[in-house]
Amino acid sequence: MAGPECHEGVEGDVNKDYDVIIIGGGPAALSAAVYTCRALLKTVILEKKYLGGQLVGTELIENYPGFPEVIGGVELTQRMEAQAKRFGAEIRYEEVLKLDVENGLKVVTTDTDKYASHIVILATGADPKKLGVPGEEEFYGKGVSYCATCDGAFYRGKNVVAVGGGDSAITEGIFLTKYAQSVQIIHRRDEFRATKIYLDDAFSNPKIKVILNTVIESIYGKEKVDGVVTQNIVTKEKKDIPCDGVFIFVGSSPNTGFLGSLLCVDAGCHIETNIHMETALEGLYAVGDIRKNSYRQIATAIGEGVTAAIAAEHKLAELKASGKSKK
Ligand code: NAP
């Protein structure tokens, strides 16, 4: 941590070492870091938990170019981390609490430090959405899970339900059949939004049963999950489905709480950018799942990270030429 100093108009105890500050440590962040470091921009990644983000909870990645065989999310993360570090990216495990803009500089306050830079790349990703039904919170970690890769192995020979109709519900539902005796996929409509190739795999899997037009009303149990109560939204019929686990895959919400109202554009607070991934604030970029209209794929997150990094390099050169940045 740098001592007390004034960084181009920002007063106080501020670390001014970095040309680029990347908030978040998923694939978008790691790819941005590879490019900024290779452009000889001193780069720090601020990550609150662990690198990889949602990638770490993804067992089966078949659509990331360059890996014709399936690659696991953890292995892909480790490879990306090694690549970013090879070019000099620094990774600090700190939680970002606040982002302010002072005289054009972005000031990032974490739980331990304060940083300032002209360039900040927001790459904080998203967290799983909740169903919001009785029992969901109570039985979290006791049968309710949002991550098949993390918890699937606890359900060897058991009966589980998976909720949702997107790629996550289907791919993670298929993954769960490695352990579980049965997987009932419960979806609120009669059409899936998941990719056809995954649906074909699921429909041909003898361990998977699909329940359509159905929502979970409550999750019940004594010490851990014993079952769910469902309702068919067409017939209104209620059912009790005994099960040992409930895996919920109903989308995700962007991690933008630390921004306050700085950049929110919709109810879930996804961030709007231009084609260079720059937000409404000069020098502030957003990439990956926090971005409005992002396709939320690993490959698109990587592309967005790279785009922001190249744009940031040009922006810094521009700021220097205009005298706005002294670095
Ligand atoms: P998603 O595509 O947004 O799907 C969410 C699903 O949850 C939808 O089927 C939705 O139903 C349902 N849902 C939402 N709120 C619900 C609620 N309150 N109650 C019941 N159901 C609810 O999310 P995702 O599956 O996590 O995928 C996110 C992105 O990651 C997508 O772009 C996807 O392609 C990508 N992804 C790719 C892979 C892969 O290719 N290997 C794997 C995972 C994810 P409706 O359909 O009725 O809205």
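Trainee: Which residue in β5 is the bridge partner of Leu99?

Mentor: Strands are taken to pair if at least two bridges are found between them. In this predicted model, Leu99 has Val108 of β5 as its bridge partner, and that pair belongs to an antiparallel pairing in which 6 bridges join strand β4, residues 96–102, to strand β5, residues 105–110.

Trainee: How many residues lie between the strands of this hairpin, and which residue there takes a positive phi?

Mentor: The hairpin of β4 and β5 has 2 residues between its strands, and Asn103 takes a positive phi near 50 degrees.

Trainee: How many helices and strands does the protein have, and why can it be called as compact as a globular protein of its length?

Mentor: The protein has 6 helices and 18 strands. Its radius of gyration is 22 Å, which is close to the 20 Å given by the globule rule for 327 residues, and therefore the protein is as compact as a globular protein of that length. Along the principal axes, the C-alpha trace spans about 70 × 40 × 30 Å.

Trainee: What percentage of the residues is buried?

Mentor: Buried here means under 20% relative accessible area, and 51% of the 327 residues in the protein are buried. As for the accessible surface, it comes to about 15800 Å², with 51% of that area belonging to carbon and sulfur atoms.

Trainee: How many positive and negative side chains are there?

Mentor: The protein has 37 positive and 44 negative side chains, and the centres of these two sets lie 2 Å apart.

Note on methods
Residues numbered from 1 in each chain as written. Predicted model: local features only at pLDDT ≥ 70, side-chain atom pairs only at ≥ 80, totals over all residues. Heavy atoms only, no water. Helix = DSSP H or I, 4+ residues; strand = E, 2+ residues; numbered from the N terminus. Rg over C-alpha atoms; globule rule 2.2 N^0.38 Å. Buried < 20%, exposed > 50% of the residue type's maximum accessible area, 1.4 Å probe, protein only. Areas by Shrake-Rupley, 256 points an atom, 1.4 Å probe, with all protein chains shown as cover. Lys, Arg positive; Asp, Glu negative; His and termini not counted. Charge placed at Lys NZ, Arg CZ, Asp CG, Glu CD.
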